[in-house]
Amino acid sequence: MRVSNNMMYTQSLRDVNSNHERLLRLNKDLSTTERIHRPSDDPTGHARAYVLKNSIDQNEQFKKNAAAAQDFLSITDTTLGSVMNILQRLRELAVQTANGTLKLEDREATAKEVQQSFEELRSWGNTKVNNRYIFGGVKTDQEVFPAAGVNLGPNDAGTMGVEVAPNVMLTYNIRGIDVFGNTTLPGNMFDAVDNFYTALTTNNQASIGQTIADMDKWIKTVNNSRTEVGSRVNRVEMAQGRLAEINVSLDSLLGDTVGADIPKTTTEFAQTQATLQAALMATSKSLPMSLVDFLR
Amino acid sequence: MNIGMNAALSGLLSAQRALDVASHNISNANTPGYSRQRADLVANPPFGAGGIGLSYGHSTGAGMVGTGVTVQSIKRVRDQFIDRQLYAETSPLGEAKVGLDTLNQVQSIFGEPSDQALNTLMGKFWNAWQDLSTHADNSAYRIALRDAGNSLSFGFQELHGQLNSLRNEANERIQVSVKDLNNLVKQVAHLNQEIKAAFATGQNPNDLQDQQDALIEQISGFVKVNVYEVPATGAKNIYLAGDPLVLEEHDFPLQLTSGAGGFYDITVPDNLGGPPRTATIASGSLRGLLDARDITLSDTDPRGFLTQLNKLASAIVTQVNTLHSGGVGLNGAPSTTFFDPSVVPMDASNMAINPVFFNVPNGLDSIAAGATGAGSGDGANATAIAQLRVAKIAGLGNVTAEDFYKNALTQAGTMSQELERRTKTQDALIGSLKDRIEQVSGVSTDEEMGNIIRYQKAYAASAKVLSTIDQMLETLLAIR
């Protein structure tokens with residue numbers, strides 16, 4: 001084969017260049033520990049990583065949604081617990097005062113406590129989470145039980161849902177009507193407390209007996225709501241747990257898809273480096289060789 | 001003895017000429033496109049022994065007596081067959097390189113995978129709706145949503161702007177390329193003229209032919225041409241799919257006519273005096289630029305990335321607007337569209353959110369998170385809009401917006417991968433063709449040094465013959 005000067009140069013340069021190119025790619029893979037830097041590096045791998053990333057992103061959002069629901073539910077639960085305590089205390093008082101031997105001044109003291117309990121119940125009914133009234137349904141910006149007095153509105157203003165998993169909606173609020181009863185109609189919780197107060201102040205023994213039955217009914221109602229809240233908290237927690245698990249496996253899949261195989265890449269890097277060194281060495285020795293140097 | 005002297009003289013002259021050629025070769029060892037030249041030496045016609053005038057004391061009947069050497073011709077060493085292959089393979093390389101370049105830029109513009117690119121912006125947009133669904137009464141989340149919508153709109157506009165300027169750049173490059181090409185064509189025609197003149201006087205226009213070959217190789221990079229040599233004149237005619245670019249010393253430049261949208265059409269004049277016809281650009285970098293402009297970056301061709309980007313933007317705008325208009329804002333008023341209703345039609349180039357949302361103090365109230373007028377905490381409509389993230393959209397061929405974008409990215413990826421493969425194989429092929437050309441035509445300084453020594457010795461030897469004959473003559477003349 002005839003070898004011309006240009007051939008020596010261009011071929012050596014081509015080999016050195018291709019080694020440099022490989023080294024650059026491996027260098028990038030190693031310094032980012034990823035092997036897909038743009039779609040063309042591996043179109044199907046990129047598409048897979050894209051889907052995985054978006055799934056992870058969606059799940060993270062669902063976890064965030066679930067956390068918001070959880071906040072709401074846990075405050076609802078403690079609030080219902082406090083309401084429950086008040087109702088139980090009222091029932092105790094009703095049982096005590098139902099006893100005919102009680103003196104008038106004892107009844108008056110009890111009546112004061114009942115009045116206080118009424119206000120407490122009202123204030124629990126106006127509980128807020130992140131500045132939202134929790135029992136107002138979707139009317140989260142309006143006071144649920146505005147002022148003393150019984151006619152406080154129906155409090156049935158709808159439920160609020162949140163997506164906690166793909167297409168799984170969870171209602172995270174308990175409507176006021178389901179806890180306190182319809183406050184536009186007689187027979188709601190505040191009515192019952194108010195009746196108790198009236199019975200005490202008017203010393204109406206029979207009516208106090210009715211209060212015990214009322215309190216039993218409302219304790220049951222609140223208890224049902226608490227159970228409902230508990231089961232929803234369970235669902236949210238389960239959903240969150242599952243999402244977390246799914247994300248762990250999605251994360252590892254994503255890592256497998258886009259991550260560079262470090263041992264393999266390192267080995268390849270070392271090999272390429274050795275080849276490049278050899279190519280540079282050979283080029284440096286062979287290129288300057290010329291007959292001219294040997295002629296006198 | 002006269003014959004001997006003449007023969008020695010011809011030896012001297014030939015050696016000198018051959019040295020000249022070697023010197024020329026060495027000087028041009030690094031000249032691109034240069035083919036090494038060779039002095040073809042032939043023996044002079046001999047005198048027939050026993051013929052007339054042959055009686056200088058030589059014995060007769062010994063046969064023909066040689067009369068020395070002469071340089072018959074100085075020719076370039078070139079294999080035209082490899083040249084043809086080189087021209088044929090150069091055009092596809094030019095096309096693939098431009099295509100690859102375009103797609104790499106498209107990929108850079110999309111900038112995926114990244115946490116700042118369009119996919120992330122879309123995800124943030126949908127997530128902002130999710131966040132709003134649980135905090136519909138909280139203005140902080142409304143602001144976050146408005147800004148996510150704004151970023152998404154800007155993201156689309158930015159991508160559109162960058163892809164569009166890449167497209168315009170391709171158009172400008174077409175114009176520049178055609179000018180360059182016409183210039184090369186003109187030079188080839190001019191060289192044809194000189195080559196013809198040299199041929200007519202029996203000369204070998206080696207260096208002119210080298211220049212011409214290099215020009216034709218450059219032309220092949222722009223566009224696939226057919227080259228025919230006219231044996232009688234040595235001129236080369238160049239055709240572009242049947243239309244002449246060069247006929248002998250005449251050149252027929254390609255013409256640019258400004259078409260729709262300021263885009264250039266490449267045309268050739270009609271021989272029969274009709275209107276100019278669209279030139280057939282089969283391959284080469286010009287083909288690559290035309291494809292980049294009219295297919296890859298098109299906003300009308302369904303394969304075009306601008307088309308796809310616009311489709312995606314319009315689909316998101318339409319879907320979100322439809323749901324948003326059906327919802328209720330905090331003000332309880334019938335809702336507006338989420339994206340700017342004054343921009344019609346809306347696509348990626350002009351995507352913008354409803355400016356109402358920027359009004360102080362109540363603009364944000366117009367964001368329709370609720371499904372009914374029930375109350376401020378209602379986020380049902382926000383949830384419905386957020387769920388568009390996984391909705392299969394008919395206008396996008398029944399895939400989700402995210403998947404549609406993913407498919408566009410995959411298309412860019414596979415196309416780029418394929419072009420990279422083609423560029424590499426084509427590059428290797430051309431590398432080996434150029435190696436073959438070098439093997440035949442390249443200058444080896446070592447070889448030329450060898451030649452120089454050879455001819456130097458030949459020169460010295462011929463001189464020695466002369467001095468020997470001189471001595472012989474002196475001996476003869478010394479006889480008294």
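Hi everyone. The radius of gyration here is taken over C-alpha atoms, and the globule rule is 2.2 Å times the number of residues to the power 0.38. For chain A, a compact globule of 296 residues would come out near 19 Å, but chain A has 38 Å. Its C-alpha trace spans about 140 × 30 × 25 Å along the principal axes.

A word on the ground rules. This is a predicted model, where local features need pLDDT of at least 70 and side-chain atom pairs count only at pLDDT 80 or more, while totals for chains, interfaces and linings use all residues. Residues are numbered from 1 along each chain as its sequence is written, chains are lettered from A and ligands numbered from 1 in the order written, and side-chain values use heavy atoms, leaving out hydrogens and water.

Back to chain A: 42% of its 296 residues count as buried, meaning under 20% relative accessible area with a 1.4 Å probe, protein chains only.

Now to chain B, and some aromatics. Rings of Phe, Tyr and Trp (its six-membered ring) pair if their centres lie within 6.5 Å; planes under 30 degrees apart are stacked, over 60 edge-to-face, and the rest tilted. Over all chains, a search of the whole structure finds 17 aromatic pairs. How accessible is Phe338(B)? Its relative accessibility is 0%, so Phe338(B) counts as buried. Phe339(B) is buried too, with a relative accessible area of 0%. Both belong to one aromatic cluster that also takes in Phe125(B), Trp126(B), Trp129(B) and Phe357(B).

Note on methods:
Buried < 20%, exposed > 50% of the residue type's maximum accessible area, 1.4 Å probe, protein only.
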